[in-house]
Amino acid sequence: MYHYVYMLISVNNLNSITYVGYSLNPIKRLKLHNEGKGAKFTKGRRWKIIFKKRFDNKSNALKFEYFLKKNIKMRSNIKKKYINEH
């Protein structure tokens with residue numbers, strides 16, 4: 001069983017807000033976020049996955065999730081790369 005850390009970007013917001021999360025199934029989790037059943041922060045917005053990283057264990061995934069949530073520069077670089085590709 002793999003564990004994933006993912007980053008979402010809002011698709012209906014001019015500021016392109018991002019959100020970082022953890023899940024065993026990021027595609028299913030994205031669907032929940034878009035249905036308003038995800039985290040409180042994500043409600044009321046439409047989201048798209050722009051980054052995901054796979055881990056073999058939950059501990060490493062949660063450590064990286066915390067790291068990515070706090071690392072604004074890395075999040076900004078992921079966001080810029082996505083925007084430049086689209």
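**Close-ups of a predicted model**

**View 1. The largest nonpolar core of this predicted model has 13 residues.** V5, M7, I50, F51, F64, L68 and I78 are the members that touch the most others in this core. Elsewhere sits a second, separate core of 7 residues, with L8, Y19, A39 and W47 among them.

**View 2. Here we zoom in on V5 and its contacts.** Skipping its neighbours within four places in sequence, V5 is in contact with V20 and G21, with F51, K52, K53 and F55, and with A61, F64, E65 and L68.

**View 3. Helix α1 (residues 26-34) has a buried side and an exposed one.** P26, L30, H33 and N34 are the buried ones. They sit on the same side of α1, because they cover an arc of only 90 degrees around the axis. Just after α1 comes G36, with a positive phi of about 80 degrees.

**View 4. Zooming back out, the protein chain has 3 helices and 3 strands.** From the N terminus on, they run β-β-α-β-α-α. With a radius of gyration of 12 Å, close to the 12 Å that the globule rule gives for 86 residues, the chain is as compact as a globular protein of that length. Its C-alpha trace spans about 35 × 30 × 20 Å along the principal axes, and 40% of the 86 residues are buried.

Conventions: Residues are numbered from 1 along each chain as its sequence is written. This is a predicted model: local features need pLDDT of at least 70, side-chain atom pairs count only at pLDDT 80 or more; totals for chains, interfaces and linings use all residues. Side-chain values use heavy atoms; hydrogens and water are left out. A nonpolar core is a set of buried Ala, Val, Leu, Ile, Met, Phe, Trp, Tyr and Cys residues joined through side-chain atoms within 4.5 Å. Buried means under 20% relative accessible area, exposed over 50%, partly exposed in between (1.4 Å probe, protein chains only). Contact means heavy atoms within 4.5 Å. Helices (H or I, at least four residues) and strands (E, at least two) are DSSP runs, numbered from the N terminus. The arc is that of the directions from the helix axis to the C-beta atoms. The radius of gyration is taken over C-alpha atoms; the globule rule is 2.2 Å times the number of residues to the power 0.38.
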